[in-house]
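Visitor: Before we discuss any labels, please put the model on the screen, so that each term can be set against its criterion.

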Number of protein chains: 2
Amino acid sequence: MVKVALDALGGDFAPSVVLEGAVNAVNKDSNLHIVLCGPEAEVKAGLEKLGYSGNGISVVDAPDPVAMDEHPVQVLKKKPHSGLVTCVALQKMGKVDASVSAGNSGAMMASCLMLLGKTTDKFSRPPIGCVIPTVDRQIVLVDAGANVDERASTLVDFAIAGSAFYQTYYNCEKPKVGLLNMGEEEHKGPAVLQEAYQLLKNAPVNFIGNIEGEDLLMGKADVVVSSGYTGNVVLKMIEGFYEVHQKMFGTIDSEAGRRFEEMWDYRMTGGALLLGLNGTGIIAHGRSDALAIEKAVEVAAKYAACGVAKNVNARLAEIKDDAEAAPATNP
Amino acid sequence: MVKVALDALGGDFAPSVVLEGAVNAVNKDSNLHIVLCGPEAEVKAGLEKLGYSGNGISVVDAPDPVAMDEHPVQVLKKKPHSGLVTCVALQKMGKVDASVSAGNSGAMMASCLMLLGKTTDKFSRPPIGCVIPTVDRQIVLVDAGANVDERASTLVDFAIAGSAFYQTYYNCEKPKVGLLNMGEEEHKGPAVLQEAYQLLKNAPVNFIGNIEGEDLLMGKADVVVSSGYTGNVVLKMIEGFYEVHQKMFGTIDSEAGRRFEEMWDYRMTGGALLLGLNGTGIIAHGRSDALAIEKAVEVAAKYAACGVAKNVNARLAEIKDDAEAAPATNP
């Protein structure tokens with residue numbers, strides 16, 4: 001049994017779509033239990049309206065609403081009884097295996113950081129590991145937007161975390177790690193990427209060199225390492241491309257059309273995973289509908305069940321030990 | 001009559017596709033004259049093979065080949081009789097209005113910079129202004145990959161140059177200028193973008209604020225300002241999207257399919273324009289086929305005819321004067 005806590009008031013269309021997504025998720029997976037965190041009476045009434053009376057969902061009362069633009073740390077301090085903070089607190093108490101919110105993403109980040117705690121001081125903020133589509137399969141992008149102005153060594157840590165994520169989730173021993181750059185040669189790009197390239201050559205990952213935007217979409221790498229800024233641009237462009245396609249062609253009724261919907265619709269990849277935490281924190285899209293919520297819960301359960309966070313943390317810890325154990329270099 | 005010099009040996013599939021593209025371009029536009037720069041006998045034989053005997057094309061002998069990985073400055077010094085250098089030199093001599101090469105882009109950049117000269121010291125390298133597709137129209141991206149690690153003030157200069165480009169080419173008085181960022185709020189993103197945001201508020205452009213990757217593809221801005229690095233990732237991703245679509249769906253035989261091909265096929269937008277030069281230098285895609293060459297020549301002629309370079313330079317010069325004329329701020 002995997003238990004996932006879900007913020008019932010999180011997202012632009014909460015709580016209705018959140019409840020609907022939760023019901024659909026537990027109806028599909030009898031091994032899944034969802035703890036809905038939100039105003040108890042409202043949530044229970046909503047579930048009743050949906051005709052749900054099973055025992056795959058329980059409710060924890062968390063009445064405080066959180067606005068999308070509320071200051072993250074203020075939310076944590078002043079709204080301990082919000083669905084957002086509660087779904088993380090339950091994991092801290094060991095009552096659930098993962099926490100999901102489509103609400104204020106900064107507040108979710110802060111709650112996970114403060115309550116679950118980070119496992120390494122390498123990151124000022126846990127990088128966002130996001131599953132993204134390519135022409136024929138999914139790959140992992142790190143960081144999809146938590147950090148800015150990273151040092152080269154931080155990009156290496158993104159690579160290690162992303163590599164462990166991919167290894168565990170896709171059961172792949174040596175995922176190919178590419179550095180998102182503007183040319184293949186190692187002297188190309190911003191100074192920090194040139195430096196990261198040199199560090200990655202000696203990092204404990206299967207570094208395949210620089211990859212460009214087009215290579216990324218052709219699936220040349222399994223893990224794409226990027227600054228949070230450019231990673232976020234990439235993620236939003238992928239969403240935008242799906243939207244362009246929808247506006248121009250609608251849903252195409254063919255085998256290729258179905259594959260495209262399954263892979264490129266942002267809702268299908270569920271939420272993004274915060275890396276380097278003592279636990280599994282998932283940020284779902286603010287404009288999530290029921291399907292997006294269902295998928296976010298589904299991946300949260302999968303990440304927790306296969307131990308993505310544990311493996312990521314073990315790999316990050318190993319590296320730290322290696323570095324500490326290494327003899328000082330003679331000048 | 002607009003005269004365009006074209007590097008006959010530039011690109012992965014030169015000279016055959018270059019000659020074919022040139023012939024198609026002049027056959028379509030009787031007001032266009034192309035000067036093919038390359039090994040004279042080979043070029044003339046190629047034109048004869050294509051059955052072309054009109055007077056829309058002339059040939060200037062430039063026998064030196066330039067490799068794609070040759071050092072840019074070395075090309076300029078040691079290969080003055082290459083098609084690449086010659087097509088720029090002809091413009092310097094006033095014999096043509098624009099120069100196009102699908103060859104070594106660094107060498108084309110260096111040749112344009114050294115031979116045509118830059119009009120402003122604001123840029124260490126002329127930024128690349130590139131026309132890119134959105135859901136329903138074309139917009140301009142600056143910089144698409146010439147610069148890295150720009151200062152905030154350089155991003156403002158990109159905005160001014162891009163705005164003048166869009167104004168002139170699309171005959172639009174106040175193009176909307178957006179700063180590519182990872183959130184709409186002005187405090188979002190890397191430090192240099194936060195600084196650029198403040199500068200852009202007072203810059204002589206119609207600044208609409210930050211735009212995200214998705215907004216870009218939805219055509220929220222007419223001109224998108226970005227670091228050369230992230231701009232290049234954006235450009236390559238757009239090419240990648242088209243490729244993904246092609247691989248998944250092939251060419252779709254419908255009105256929408258035709259519109260998609262016309263807008264998203266990288267070949268249709270022709271080459272990218274170097275901004276801030278005394279002249280019109282166009283870098284075409286290395287893997288250009290005949291259609292891409294034809295379109296690159298077509299846009300080169302259009303840019304030259306409507307005076308894009310002149311207007312960009314006038315606007316950049318104005319700003320310089322303004323800044324110089326402004327009284328010193330009291331501390």
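Visitor: Why does L90(A) count as buried?

Guide: The label buried is kept for residues under 20% relative accessible area, with over 50% called exposed and anything in between partly exposed (1.4 Å probe, protein chains only). L90(A) has a relative accessibility of 7%, and therefore counts as buried. This is a predicted model, in which local features need pLDDT of at least 70 and side-chain atom pairs pLDDT 80 or more, while totals for chains, interfaces and linings use all residues. Numbering runs from 1 along each chain as its sequence is written, chains are lettered from A and ligands numbered from 1 in the order written, and side-chain values use heavy atoms, without hydrogens and water.

Visitor: Where is L90(A) found, and which residues does L90(A) touch?

Guide: L90(A) is found in helix α4 of chain A, residues 83–92, where a helix is a DSSP run of H or I with at least four residues, a strand is a run of E with at least two, and both are numbered from the N terminus. Leaving out residues up to four places away in sequence, L90(A) touches A5(A), V35(A), C37(A), V60(A), K95(A) and V96(A), contact meaning heavy atoms within 4.5 Å.

Visitor: What makes the relation between chain A and chain B that of a two-fold axis?

Guide: A rotation of 180 degrees, with 0.0 Å of shift along its axis, superposes chain B on chain A at an RMSD of 0.0 Å, and that is the relation of a two-fold axis. In chain B, T230(B) has the C-alpha nearest the axis, 3.1 Å from it. The same surface serves both copies, since 100% of the contact residues of chain B recur in chain A.

Visitor: How do the axes of α9(A) and α9(B) cross?

Guide: The axes of these helices, each spanning residues 228–249 of its chain, come within 10 Å and cross at roughly 40 degrees. Among the residues that make the contact are Y229(A), V233(A), M237(A), F241(A) and F249(A) of α9(A), together with Y229(B), V233(B), M237(B), F241(B) and F249(B) of α9(B).

Visitor: Which residues of helix α10 in chain B are buried, and what covers them?

Guide: In helix α10 (residues 255–264) of chain B, the buried residues are A256(B), G257(B), F260(B), E261(B), M263(B) and W264(B). Their cover includes α9 of chain A, together with β5 (128–133), α8 (213–217) and α9 of chain B.

Visitor: Why are C172(A) and C306(B) called partly exposed?

Guide: C172(A) has a relative accessible area of 22%, and is therefore partly exposed, while C306(B), at 33% relative accessibility, is given that label too.

Visitor: What is noted about the backbone at P15(A) and N171(B)?

Guide: The peptide bond from A14(A) to P15(A) is cis, with omega near 0 degrees, and P15(A) lies in the loop between β1 (2–7) and α1 (16–28) of chain A. The peptide bond from A14(B) to P15(B) is likewise cis, with omega near 0 degrees. N171(B), although not a glycine, has a positive phi of about 50 degrees; N171(B) is found in the loop between α6 and β7 (176–180) of chain B and, at 72% relative accessibility, counts as exposed. D149(B), another residue other than glycine, has a positive phi near 50 degrees, and its place is in the loop between β6 (138–142) and α6 of chain B. Most residues other than glycine have a negative phi, and most peptide bonds are trans.

Notes
Axes fitted to C-alpha atoms, helices over the stretch in contact; angles between N-to-C directions. Least-squares fit on C-alpha atoms with pLDDT ≥ 70 in both.
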